[in-house]
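Hi everyone, thanks for making time. Let me put the model up, and then we can walk through a few spots together.

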2 protein chains.
Amino acid sequence: MTTRTAGKRRAILTGALTVFARDGYTRASIDAIAAEAGVSTRTIYKHFTDKAGLFQAVIRDSGARAAETQLAAIDRFLRKVTDLEADLTDFGVAMAAPSPGDEAHFALVRQINAEAGHIPPEAIEAWQEAGPRRVKRELARRLGELLPLSDPELAARHLMALIATAAPSPHDPPPSSSRTAELVAAAVRVFLYGYRGER
Amino acid sequence: MTTRTAGKRRAILTGALTVFARDGYTRASIDAIAAEAGVSTRTIYKHFTDKAGLFQAVIRDSGARAAETQLAAIDRFLRKVTDLEADLTDFGVAMAAPSPGDEAHFALVRQINAEAGHIPPEAIEAWQEAGPRRVKRELARRLGELLPLSDPELAARHLMALIATAAPSPHDPPPSSSRTAELVAAAVRVFLYGYRGER
DNA sequence: TACAAACTACCACGATCGTTGTACTTTTGG
DNA sequence: CCAAAAGTACAACGATCGTGGTAGTTTGTA
């Protein structure tokens, strides 16, 4: 196998994710990324053309991973629904309380949102299509099967916005998991009551 | 009057807001800010100690201005309510469709969210208290007078999250104002139905 | 009108950083 | 076991940038 180069490549991608997510594109230095990945700077340039190219690769990689995780959560909690409110709440908790690995991805998304004007539009577009939009469409599809909805995509947008209400803010200390569960439950209730009478 | 120095100071603050919001803290250069403000770099250092000090001053200034605008919207649309749904929608449109001046502030908030780990916590705290939290408290107070709510702060959070659904994304082209109005109206409906039956 | 404060233009310094070249070492596959 | 590929250490380049100094110019004011 190409085990060596693939391993290094992955190490670079995860190290770069950590540093880009923490420091942002401009502040992140190649040296810091190399140190975080346990790799020499020269090796980075063997695998990626530029700092910009590395950043885009990180966006693609982290976006695809996060999308997989979230699609898995949809499938896990929303495939067979017995108690809609309870299952939506479980789903929301899975979305709002990121495992330590996904933490960095959320910070990366914040960087992307801030840097939007300095990233090539094709890169943004590809990321959105493979990541957020894909998830939103799938969630809309499931919701449309579970509720009578005239605009499932909009409902998905509303649900995600409400659930994000329970996600830890980048400024405050992270809430306890029981507090998170309460917040998600409240958000889901608003969503369900809001869409109860149809529309 | 100190008309001269005050005018320059304001020019620096607005120019710095433009550049910081567009480029972020690290990428923004003092030269670019000086050019944008129509001022020499040396003058910037007469008015502010550091690049970091200038950034914090911009955060304070822009945050205070935005808070005033938003508090004014609360007062304007939610003081005397005749048709709750219509008035909440008008309020939401005012929040989600920023006038060109507030546009930069929204971008700045994205920069703050991305840079959170590199800004002194006191600065973040002061900004949040004078800006977002103040607005949220006032909105919660008004909502509590208009609806039977067990947790007005949470309701305010939900309403703002739903309304933000209609705000233009930093990636896509800005939606038409009529589309924005539709989205806000839908968000407000979900909120009202969601909180209709109490809680 | 004259003076002090504010402002400007210009230069220079030290630091950081992206990127590449080169010579050396390690690993892997035949 | 040995060649080729991958990785490393190290140095160097050019560019950008924050920041301060200095000397001259503008402007508000007494």
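I'll start with the ground rules, then go through some helices and the core.

This is a predicted model, where local features need pLDDT of at least 70, side-chain atom pairs count only at pLDDT 80 or more, and totals for chains, interfaces and linings use all residues. Residues are numbered from 1 along each chain as its sequence is written, chains are lettered from A and ligands numbered from 1 in the order written, and side-chain values use heavy atoms, leaving out hydrogens and water.

First, helix α10 of chain A, residues 177-194; helices here are DSSP runs of H or I, at least four residues, numbered from the N terminus. Its 18 residues reach 25 Å from first C-alpha to last, close to the 26 Å expected at 1.5 Å a residue, where the expected span is 1.5 Å times one less than the number of residues. Its buried residues (under 20% relative accessible area, 1.4 Å probe, protein chains only) include A:L183, A:V188 and A:F191. What do they pack against? In chain A, α5, α8 and α9; in chain B, α9 and α10, with contact meaning heavy atoms within 4.5 Å.

Of its 64 residues, A:F91, A:F191, B:F91 and B:F191 touch the most other members. Among the contacts of B:F91 are B:F77, B:L139 and B:I163.

Last, B:A21 in helix α1 of chain B: it counts as buried because its relative accessibility is 6%. B:A21 touches B:A104 and B:L108, among others.

Conventions
Helix = DSSP H or I, 4+ residues; strand = E, 2+ residues; numbered from the N terminus. Buried < 20%, exposed > 50% of the residue type's maximum accessible area, 1.4 Å probe, protein only. Core = buried A, V, L, I, M, F, W, Y, C linked by side-chain atoms within 4.5 Å. Lists of a residue's contacts leave out its neighbours within four places in sequence.
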